[in-house]
Amino acid sequence: MLRRYSDRGLTMTSDNSIESTMHESRTFDPPESDGNEPWHCSSLEQYRALYRRSIDDPAGFWAEAAGELHWFKPWDKVLSYSPPDARWFAGGTTNLCYNCVDRHVEQGFGDQIGIIWEGEPIGSDGPEVRTLSYAELQQHTARFANVLRKHGVKKGDVVTLYMGMVPELAIAVLACARIGAVHSVIFGGFSSRAIADRVHDASSRIIVTCDGAWRRGKVVPLKDNVDEAIKMLDEVRVDSVIVCKRCENTVQWDATRDHWWNEQMESVDTDCPCEPIEAEDMSFLLYTSGSTGKPKGIIHTTGGYMVYTATTAKYVFNLIPDQNQVFWCTADIGWITGHSYILYGIMPNRVPTLMYEGAPNHPGPDRFWDIVERHKVTQFYTAPTAIRAFMKWGDEHPKKHDLSSLRVLGTVGEPINPEAWMWYHTNIGKEQCPIVDTYWQTETGGHMITPLPGATPTKPGSCTLPFFGIDAAIVDINGIEAGPNEGGLLVIRKPWPGMLRGIFGDRERFIETYWSTVKVDGEPVYTAGDGARRDEDGYFWIMGRIDDVINVSGHRLGTMEVESALVSHSAVVEAAVVGMPHEIKGTGIAAFCTLASGVGADNALRSQLCEHVASEIGAIAKPDVIRFTDALPKTRSGKIMRRLLRSIAAGETEVKQDTSTLEDFSVVAKLQGADES
């Protein structure tokens with residue numbers, strides 16, 4: 001019989017670092033290759049050899065990886081580094097759109113499918129499905145690139161994209177890359193104020209949007225939001241708004257500024273070769289979500305990002321062309337996950353990438369599994385919060401569908417609770433699919449710490465081992481490396497090709513945010529902002545954001561570990577833990593829990609859960625307050641808005657936080673009135 005945890009407990013060391021001895025005892029070996037789709041990396045020994053080479057000879061390792069892609073002109077030098085500034089493949093020229101699309105056409109694969117798209121509404125004939133071959137994508141991206149040029153867009157100009165998950169969004173992104181324009185994709189769940197802030201910061205004079213987007217059977221009024229955002233701008237003038245017709249909803253129209261997508265596409269031709277782009281030229285801006293104050297525009301460049309995303313996608317998802325693979329990342333392209341693992345990492349590997357427009361439970365809670373079955377998805381990549389929702393909705397929904405096409409499962413966005421990992425493993429993977437629990441950030445461009453599906457034994461809740469080239473460590477504030485199971489700050493000591501190059505227009509903030517916290521051997525290192533630990537096998541466990549570490553009576557507790565303990569109880573489907581003011585302790589623990597179907601919410605259960613946490617971690621981790629709720633406040637992308645929960649736990653009656661990405665405002669109102677006795 002397997003134990004769930006052993007050696008429980010957390011303490012604070014004399015140097016104020018986090019010390020954790022909470023262990024997951026279950027380990028799952030990677031499956032053997034079936035011979036038809038061999039693993040790119042097929043053993044832990046092979047991983048260790050490749051990893052050691054990537055650390056000892058980064059120039060040789062990454063030159064070889066870059067050689068698998070197309071370059072108009074080879075680079076002069078693989079890497080130049082003076083912390084915090086790195087230059088990758090300087091002197092070389094390439095093009096992201098060419099490597100995603102045109103290269104495949106020129107190599108004779110133009111008829112193969114590049115993108116599979118499914119809309120949310122289901123009509124009498126079933127859902128709307130479109131497939132786009134690489135040849136069709138070449139024509140569409142060339143046409144839209146010419147549309148952009150017609151509107152005065154030049155290399156280096158920022159084009160703002162605020163669209164639903166329609167094929168035209170992918171086309172617009174790739175068209176920008178085609179001519180060297182910088183795209184700034186804004187997630188369709190953002191408010192007008194958020195759009196205005198981002199357009200202003202980027203000085204963008206052109207916006208591409210849709211009339212609306214489908215979400216749970218309702219229309220999200222994207223064009224209306226853009227119109228409101230433009231009214232808020234004073235220092236930046238938007239000259240052109242190009243509108244893709246999707247929902248046929250009524251929109252306001254400014255004939256001097258607004259243009260229909262289809263009419264613009266009909267007025268240009270398909271002659272638009274990909275521009276050679278310098279490797280260190282900016283490819284896109286992506287504003288980090290959830291921040292307060294001025295938006296933080298993360299800068300990614302072209303060559304290094306391209307090489308890193310294509311390489312991580314190849315190894316982490318075991319992408320192999322011509323093997324009937326279909327890759328599905330359920331994220332929105334408005335997030336870095338969509339940039340890297342719907343488009344830029346997947347398409348260079350010549351495996352079809354699936355885009356879905358809508359919600360996971362529309363019209364029913366089995367929508368995702370219906371999509372997997374019909375499209376024969378082989379790699380499935382989603383967020384832990386979605387997995388916990390699937391658990392709550394019930395095992396019967398995946399059981400209704402044939403999921404035998406699946407080969408690799410992945411998680412992204414936040415650490416996954418061990419019990420959610422096990423549910424995913426059992427109910428979706430049927431205990432046959434390796435799970436790649438990927439740790440990375442908007443700033444890193446691609447996966448940083450992750451299993452490789454054919455090589456890495458996995459432990460539920462651990463992102464396991466660093467990807468090639470990632471020199472990750474756990475250190476204290478003085479840069480001293482922590483021992484096994486001693487928590488601390490997660491840092492990256494060496495540069496990697498996908499790393500951010502700055503914050504747009506704010507050099508000081510770039511250094512202050514990522515490079516000023518810790519020095520190792522006198523040199524600044526990239527600080528991820530996450531607390532973590534490394535166990536006796538060298539596996540990494542992410543404990544949550546540094547600001548999600550709670551100091552209770554002088555003991556520092558990782559919120560993720562308390563959440564994991566709560567979710568390991570059979571009554572709890574999802575939990576979010578935050579700090580709250582406490583008269584005696586300074587900071588207490590507030591837990592917000594969503595319960596399994598049929599479980600009664602009462603004080604007896606509260607007491608039971610407190611004792612359960614105490615037995616799993618220690619008495620110091622017992623929640624001071626437990627609130628039961630039907631739902632947690634989440635963004636449209638599925639992330640729990642813990643800063644809102646902190647405000648609620650503190651008893652604030654007025655929400656002062658940015659709620660532009662909140663999916664359901666009624667959740668906050670209900671929580672503010674929830675019984676906490």
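Phe89 counts as buried, since its relative accessibility is 0%, and the cut-off for buried is under 20%. The residue belongs to strand 6. Although Phe89 is not a glycine, its phi is positive, at about 60°. The structure described here is a predicted model.

Lys376 is a further non-glycine residue with a positive phi, in this case about 55°. Lys376 sits in the loop between helix 11 and strand 22 (379–382). With a relative accessible area of 55%, Lys376 is exposed; the cut-off for that class is over 50%.

## Cis peptide bonds

The bond from Pro83 to Pro84 is a cis peptide bond, with omega near 5°. Pro84 is located in the loop that runs between strand 5 (77–82) and strand 6 (85–90). Strand 6 is also the element that holds Phe89.

His362 and Pro363 are likewise joined by a cis peptide bond, and omega there is about 5°. Pro363 falls in the loop between strand 21 (353–356) and helix 11 (367–375).

Searching the whole structure gives 3 cavities of 30 Å³ or more. The second largest cavity holds about 80 Å³ of space. Its lining consists of Leu96, Cys176, Ala177, Gly180, Ala181, His183, Ile277, Met282, Ser283, Thr302 and Tyr344. Helix 5 (167–179) and strand 18 (282–287) are the elements that give two or more residues to this lining.

Sorted by class, the residues lining the second largest cavity are 7 nonpolar and 4 polar, with no charged residues.

Strand 25 pairs with strand 26 (residues 488–492) in the antiparallel sense, over 4 bridges. Ala472 has Ile492 of strand 26 as its bridge partner.

Terms used:
Residues numbered from 1 in each chain as written. Predicted model: local features only at pLDDT ≥ 70, side-chain atom pairs only at ≥ 80, totals over all residues. Heavy atoms only, no water. 1 Å grid on protein atoms, 1.4 Å probe; cavity = no way out; pocket = protein on both sides within 12 Å on 5 of 7 lines; lining within 4 Å. Points joined across faces, edges and corners; volume = space filled by probe spheres on them. Nonpolar A, V, L, I, M, F, W, Y, C, P; charged D, E, K, R; others polar. Pairing = 2+ DSSP bridges. Buried < 20%, exposed > 50% of the residue type's maximum accessible area, 1.4 Å probe, protein only.
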